[in-house]
Amino acid sequence: MTGRQRLAVLGATGSIGVSTLDVVARHPERFEVVALTGHRRLDVLEAQCRRHRPRYAVVGAEADAKLLGARLAGLGTEVLAGQAALDEVAALDEVDTVMAAIVGAAGLSPTLAAVRAGKKVLLANKEALVMAGAVFMAEVSRRGTPLLPIDSEHNAVFQSLPRGFDGNLAGCGVRKILLTASGGPFRATPIEALARVTPEQACAHPNWVMGRKISVDSATMMNKGLEVIEARWLFNAMPDQIDVVIHPESVIHSLVQYVDGSVLAQLGNPDMRTPIAHALAYPERIEAGVAPLDLFEIGRLNFERPDLKRFPCLSLAFQALRAGGNAPAVLNAANEVAVQAFLEGRLAYPDIARVIAAALDEVPCVSAGTLEAVLAADSAGRAAAQHALARAGR
Ligand code: NDP
Ligand code: MG
């Protein structure tokens, strides 16, 4: 690529967005920020705009756009609002690369817009791929969109597969993809005590600092479930080709097992700036601000089989993956509703899985080969979760 890489960062105000801009700021000669989007955190977005001087900024509400526009007067940043504006900045001619880091289903439309516009897409927003895997990947191959995984596990798998991997795992001699999971904050909590855990406890992840939704997903291991589905699409893997291994230290970010007995892995300190820098600079390597891994300090690495009684959400995700069609979209939607209710103190922690299971039972499994079908499944999953919530909520 000649000249600087021109970026749109969707979800700039979040955990991944902030880490992305940290890496970008280390390499002003390589990157130029053209668009930044946030939703509600106007102060963070304002500071980011002053620092990076994008051509466009996007927020959720019209009134907030007016407010931020006034605060940024004279800076040369045009402030827009709403879904259409997100889709627009994701597909701008003057953008080469889109960091897709909006959380949840809200990220689907702009991420797809970036894919359709043939941008290099750095995918953090796993929910988009979980909901709409078939539609999403069909667009990726139709447009030849470069798609680079940001999720640390998938980035590790990507790094452990042969360069130029063409979607044929068996053809490359791959036996299995092994996704590692930390087990989250409740890996060793007595199961009876889980009924009383609070959102603050669930969000206190032992190794990673992340947004609140993915932190709860990590505690329930739904995050790993979503990642299994994400891996299915990114690497064209069958459910039986994906295993989950609990590895509490989060040093091995994932592994690929080959038929000759070789296992390749990617290791590093748990810091999202590593996969972000990898994807931003790919195929080159750049400084990310991450401390070198000190194996002497770490001393030993541990591995456990996931306990599905403790982590029923992981089983639900495998169930949805095997069912196929609209089931992953229903799973994702019900999870978003349940996690939100838990974070707001309206649902007990063990009921997150119950709400999702009830939604999967209620919504009939049909195919989801079009965007309309995906969006219908998302709505049906949310409605079914609301019904279950009304029964289980407090
Ligand atoms: P955060 O909650 O920290 O950030 C979410 C971002 O999305 C914020 O910029 C937020 O804006 C924006 N946003 C929220 N709702 C909407 C909406 N309705 N419309 C438009 N924008 C919205 O999340 P994370 O950064 O932790 O996660 C982002 C994505 O990356 C998720 O899909 C997550 O699964 C994935 N991911 C995250 C990892 C991590 O380490 N954090 C690791 C791997 C994947 P605002 O804050 O201004 O309201
Ligand atoms: Mg991950």
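These legends describe close-up views of a predicted model.

**View 1. The shell of residues around ligand 1.** The shell around ligand 1 holds 24 residues, and the closest are T13, H39, R40, R41 and E127. By residue class, 11 members of this shell are nonpolar, eight are polar and five are charged. Domain 1 (5–125) and domain 2 (158–391) each give at least three residues to the shell.

**View 2. Backbone contacts to oxygen atoms of ligand 1.** In R40, a backbone N or O atom lies 2.8 Å from an oxygen atom of the ligand. A polar backbone atom of I16 is 2.9 Å from an oxygen atom of ligand 1. For G211, the distance from a polar backbone atom to an oxygen atom of ligand 1 is 2.9 Å. On its own, ligand 1 has 900 Å² of accessible area, and the protein covers 88% of that area. Helices α1 (15–25) and α6 (126–143) are the elements that give two or more residues to the shell around the ligand.

**View 3. Strands β8 and β9.** Strand β8 (residues 174–181) and strand β9 run parallel and are joined by five bridges. One bridge pairs I177 with I242 of β9. Strand β9 spans residues 242–246, and four of its five residues are buried, which leaves the strand mostly covered.

**View 4. Residue A84 in helix α4.** A84 sits in helix α4, which covers residues 83–90. The relative accessible area of A84 is 55%, so this residue counts as exposed, the cut-off being over 50%. A84 and H154 are 70 residues apart in sequence, and their C-alpha atoms are 29 Å apart in space.

Note on methods: Residues numbered from 1 in each chain as written. Chains lettered and ligands numbered in written order. Predicted model: local features only at pLDDT ≥ 70, side-chain atom pairs only at ≥ 80, totals over all residues. Heavy atoms only, no water. Buried < 20%, exposed > 50% of the residue type's maximum accessible area, 1.4 Å probe, protein only. Pairing = 2+ DSSP bridges. Near = heavy atom within 4 Å. Polar contact = N/O pair within 3.5 Å; in protein donor to acceptor, adjacent residues only side chain to side chain. Areas by Shrake-Rupley, 256 points an atom, 1.4 Å probe, with all protein chains shown as cover. Nonpolar A, V, L, I, M, F, W, Y, C, P; charged D, E, K, R; others polar. Domains from an automatic or database assignment.
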